[in-house]
Structures are given as C-alpha cells and as structure tokens.
Amino acid sequence: MMLIPLLALAVAPQVMPAMDHSTVTCPATAVPLPAGLEGWTRKQAVRAGATAKVATTLPLGVGVSATLLPTPKIAYAVRPEKPGGSVSNGGIFAFTIPVAGRYRVALGAGAWIDVLSGTTAATSISHAHGPDCTGVRKMVDFNLKPGRYLLQVAGNASATLPLMVARMP
C-alpha cells in the first residue's frame with residue numbers, strides 16, 4: 001500500500017529534501033537595478049555610528065558599504081523590534097529628505113531596519129526582495145516628509161552591509 005510511506009513522510013517532514021532558493025545562476029552581463037537604485041553599484045565606504053548623536057550621514061541615491069558595530073556597543077534611539085543577539089551587528093545612520101516622496105532603503109542582507117523621525121518610527125509602505133544577481137537582498141519603502149531621519153540597522157550577521165537610501169521616481 002502506498003498510504004503508509006506517504007503517511008510516514010507527512011509525520012516526519014525532516015526527511016524531505018530542503019529546497020534551496022539561493023542557488024541562482026547569474027548571467028555574465030549585469031542585471032538591471034530597479035529604477036531609483038542606479039547608484040547601488042558605486043559604493044562609498046562608511047562606518048556606522050553608535051548613537052543618534054554620532055550617526056553617520058548617508059548621501060541619498062548612493063550605495064555605501066557600511067562597517068557595522070557589535071550590537072552591545074550601540075545605543076539605539078529606540079529599541080529595534082528585532083535587535084539581534086550579542087553576536088549580531090548594527091549601527092545608526094542619518095539622512096536628510098529634501099522633498100516629500102517615496103523613499104526606499106535597500107540592503108544587501110536581511111538585517112532589521114527602523115527609520116525614525118526623532119523617536120517616532122516611520123511606517124513602511126512596501127517590502128520586497130531585491131532582484132536576483134544585483135546584490136540587493138531587501139527593499140523597504142517609506143513615504144517621508146522633508147527633514148532629518150535616522151536609519152537604525154539591527155540584527156545583521158556580518159560586520160559589513162551594503163545599503164542605500166534613495167528617492168523613488
């Protein structure tokens with residue numbers, strides 16, 4: 001009877017092979033980035049700040065390769081919802097919005113982010129994965145008004161993180 005082997009698989013899912021969606025074969029030519037993220041490939045090196053007062057300023061529309069800090073060394077302005085453990089990394093960055101609109105935070109990893117105006121968290125309006133083969137892993141959009149904002153990064157496994165804040169067309 002076929003029912004018994006199938007029932008065994010149903011109660012023991014660990015015997016099923018895991019599907020690996022991360023093995024994507026990338027083409028030899030560059031994959032186009034989403035509109036507004038063209039500056040992703042021209043990365044500047046920056047170091048994350050440990051507090052809101054010493055937050056590193058990010059240029060809009062320019063990708064950065066950020067060196068993060070161990071989580072215990074960061075004094076977040078607002079405790080992140082997912083701060084990560086003592087062996088994770090993060091940091092605080094600042095950016096200024098000159099014109100109201102939709103802005104995207106693009107990350108090269110699955111770190112947790114918060115965008116703050118003072119100590120008030122901005123509400124995200126969209127979450128997406130970046131296109132395969134671009135280096136963009138996560139994209140989060142916000143409707144922002146003119147002013148200074150903090151970008152808090154938390155829970156990143158690596159001490160470096162490619163990231164970018166850009167206005168969407």
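## The disulfide link

The link of C26 and C133 is left-handed, with -90° about the S-S bond, and the sulfur atoms of C26 and C133 stand 2.1 Å apart, where a disulfide is a pair of cysteine sulfur atoms within 2.5 Å. This predicted model holds 1 disulfide. Because C26 lies in the loop between α1 (3-11) and β1 (44-47) while C133 lies in the loop between β9 and β10, the pair ties together parts that are 107 residues apart in sequence; here helices (H or I, at least four residues) and strands (E, at least two) are DSSP runs, numbered from the N terminus.

C26 counts as partly exposed because its relative accessibility is 43%, and C133 falls in the partly exposed class at 30%. In these terms, buried means under 20% relative accessible area, exposed over 50%, and partly exposed in between (1.4 Å probe, protein chains only).

## The backbone at C133

The loop that holds C133 runs between β9 (124-129) and β10 (138-144), and the phi of C133 is near 70°, a positive value in a residue other than glycine.

## K73 and its loop

K73 is located in the loop between β4 (69-70) and β5 (89-97), and with 59% relative accessibility this lysine counts as exposed. Between K73 and G49 the C-alpha to C-alpha distance is 9.8 Å, although K73 and G49 are 24 residues apart in sequence.

## Basis of the values

Residues are numbered from 1 along each chain as its sequence is written, and side-chain values use heavy atoms, with hydrogens and water left out. As the model is predicted, local features need pLDDT of at least 70 and side-chain atom pairs count only at pLDDT 80 or more, whereas totals for chains, interfaces and linings use all residues.
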